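Student: I would like a close look at a single part of this model, followed by its surroundings and the rest of the chain.

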Amino acid sequence: FSFLQERLRYLLGLLLLLHSTDSFYVPGVAPINFHRNDPVEIKAVKLTSSRTQLPYEYYSLPFCQPSKITYKAENLGEVLRGDRIVNTPFQVSMNVEKKCEVLCNFPNKPVTLTVEQSKLIAERIREDYYVHLIADNLPVATRLEFYSNREEEEKKKEKDVQFEHGYRLGFMDNNKFYLHNHLSFILYYHREDVEESQEHTYRVVRFEVIPQSIKLEDLKADEKSMCTLPEATGSAPQEIDPTKENQLLFTYSVHWEESDIKWASRWDTYLTMSDVQIHWFSIINSVVVVFFLSGILSMIIIRTLRKDIANYNKEDDIEDTMEESGWKLVHGDVFRPPQYPMILSSLLGSGIQLFCMILIVIFVAMLGMLSPSSRGALMTTACFLFMFMGVFGGFFAGRLYRTLKGHRWKKGAFCTATLYPGVVFGICFVLNCFIWGKHSSGAVPFPTMVALLCMWFGISLPLVYLGYYFGFRKQPYDNPVRTNQIPRQIPEQRWYMNKFVGILMAGILPFGAMFIELFFIFSAIWENQFYYLFGFLFLVFIILVVSCSQISIVMVYFQLCAEDYRWWWRTFLVSGGSAFYVLIYAVFYFVNKLDIVEFIPSLLYFGYTALMVLSFWLLTGTIGFYAAYMFVRKIYAAVKID
C-alpha cells in the first residue's frame, strides 16, 4: 500500500511539473516596443461562427476600407484555418486617447448599404458571426462579467470575468437586426523600465473591445471626423433592415490603461479556463483507473501464462498435453500470413507515421514551442512532420511485408505512401468544393492545394520508398515457431468472440481514459476556443498507448485460447475499437453542444469527424497490433515445441 502511495505521489509531482510547463510559453514573436504616439496597427483576421463553421474574410462584408488593402503573407497552418490577415483603417497611436472618431473618410456623409449588402449583414448576424481583430498579434476579446454562484452578500462585491474571442457582429431583438457599428477599444500597456535619460517604452499586453450599436441620428459627427457619443440611457441601436437601403456611421474610440501584466504572460487572459479543476480530476481519475486495471490485467495474464507455460513444458506428461486445449495447439498456424498482407502492412505503416507525428507534435507543444501566439504553427508543423515521418512508416511497413512473405515491395511502398493520404486528400477535396461554393475563406486556395500535392509526391512518397526499401531488405521479424503446411481447422467460436463484440469491449477502456480531453479538443476545433493544455494531452496520450496495448494483449490471448489463429487483421480492427466510441461521442457532441442546422456545415462536421475517426483508428490499431505481435512472439518463444 505504501508503494501505491509512493507511486501516486510521484504521479502528482509529475502532473504538477507538466502543469507548470502549461503556463510557461516561449512566445511566438519577439516583443515590440512602442514610444508614445507610435502607430499600433490593428488588423482583421476573419469572421467566424460556430453555427455555420464557415470562416469569411473581413472585407466580405461592407466594412470601411483603407485606401490600400494589403494582405499579410501567411503560413500553411493559417491558410488551412481560413485566416486572411488584412489591414484596417483604424488609426490607433500608443497611449493616445480618442473619444469618438468616424471611421470612413467622409464625416458628414453616412455609409449607405445597398439592399444586397443589408441582406448579407442581416444574414451574418442571424448566423451569429464574430469578428476577429488583432493588435500587435494579440486577438481582440470581449469581456463578459457575471456574478458567480456565491452567497448574496459577496455577490455585490465580486464579479467573475471571462473573455470571449472576438466580438459579435450584431444582435437580434424581436426579429430585428442590429449591427455593432461603434467599437470602444480598450488597450492595456505595460511600461518598460528604462534608464532616466531615455524615453519610456510601452508594450501592448491586452486588447479588449466593447461593441455598441448606435443609431445614425444619435451619433453627432463634425467636419473633423470627430463625433459625440450619446448618453448610454437615451440612445437607440442601429437597425439593419434587410429589405431596403440603410444609412449608418462606423465609429470607434480608443482608451489606454496601464497594466501590471508583463509581456511574457500577456496570453494568460485568453487562455484562462475555468475548467482546469475538471482537468485535474479527470486526469487523476483516468490515471488511477488505468493503473489499477493495468495492474490487475498484468497480474492475471502473467499468472495464467506462467501456469500455461509450466504445464506445456512438463516433458513427462506428454500424453496429457496431447489432449490439452489452448493456445499451444495453434503453434503451427499462429504465424501463418493473413489475407491481403500488403494492405495490412500499408495501414500499419501509416499508423506508425501518425504515431510519430502526434508524439513529436504534442511533446514540442508541451514545451511551449507551438503556442497560440504563433498562429497556424501547430498545423504547419503537423503537416511537415507527417511528410517527413514517411521514412519510419515505410521502414516498418516494408519489414512487416517481408515477414508476411510479400514479394512486390515497390507496389507495397506505393500503397503505403498513397492509401491513407489518398483517402484524406479525397475527403478534403470534396469538402473543399462545397466550401468554395460558399465563397468562404476556409476554402483552401488552388495554389496551396497544388503545393500540398507537391509535398506529398515530392517529399512524402520518396521518403516512404526509401524507408520501405531498407525495411524490406532488413532481416524479417524472426517468428519462434515454424508454420505447418496444412492449415488447422478452427473450432466453432462462442458468440462473445465475434469481431464486433470484441470492438465494443476493447474500445471502452482507452476511450474512458481520454474522453474528457476529447471534449476540450472538440471545443477548440468547433467553437473557436484556444487549446493549450498540451501537458495534459501528453499524459493522456501515454495513458492511451498503455491501455490500447493491454486491451489488445488480453483480446489476442483469449482468441488464441479459443484456438482461432487468425489474429493479424482482427487485432488491428479490435484495438481501434475506441475510434467507434469517438464517432458516437462526435454525434452526441453535434446534437447536444452545437446548434448547426444547415446542410453544408453538417457535412463539414461529419466529413472532418470521419477523418479524425479514421486517423484515430489507424493510430490505436497500430499501437494494439504491435503490442499483440510482441506478446505472441514472446509466449511462443517460451514454450518447448517438438
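Which residues of α9 meet which residues of α12?

Tutor: The model is predicted; local features need pLDDT of at least 70 and side-chain atom pairs pLDDT 80 or more, while totals for chains, interfaces and linings use all residues. Numbering starts from 1 along each chain, and side-chain values use heavy atoms, without hydrogens or water.

On the α9 side, the residues are F384, M387 and F388. They meet L452, M455, W456, I459, S460 and L463 of α12, where contact means heavy atoms within 4.5 Å.

Next, the geometry of α9 itself. Its 12 residues should span 16 Å at 1.5 Å a residue, and because the end C-alpha atoms are 16 Å apart, the model agrees with that expectation (1.5 Å times one less than the number of residues). Helix α8, residues 341-366, can be checked in the same way: with 26 residues, α8 reaches 37 Å from first C-alpha to last, close to the 38 Å expected. Just after α8, G368 has a positive phi of about 90°.

Burial in α9 comes next. A377, T380, A382, L385, F386 and M387 are the buried residues of this helix (under 20% relative accessible area; exposed is over 50%, partly exposed in between, with a 1.4 Å probe and protein chains only).

For the chain as a whole, the secondary structure comes to 17 helices and 18 strands. Of its 642 residues, 50% are buried. Among contacts between residues at least 6 apart in sequence, 82% join residues at least 24 apart.

Leaving aside neighbours within four places in sequence, F90 is in contact with I42, Y58, L103, L133, L183, F185 and Y252.

E598 sits in the loop between α16 (577-592) and α17. Its relative accessibility is 32%, so E598 counts as partly exposed. R51 is 547 residues away from E598 in sequence, yet their C-alpha atoms are 8.7 Å apart in space. Not counting residues up to four places away in sequence, E598 touches E127 and K438.

Finally, two asparagines deserve a backbone check. Most residues other than glycine have a negative phi. N37, however, has a phi near 75°, a positive value in a residue other than glycine. N37 lies in the loop between α1 (2-23) and β1 (42-48), and because its relative accessibility is 51%, N37 counts as exposed. N137 is not a glycine either, and its phi is positive at about 65°. The place of N137 is the loop between β5 (130-135) and β6 (138-139).

Technical notes. Helices (H or I, at least four residues) and strands (E, at least two) are DSSP runs, numbered from the N terminus.
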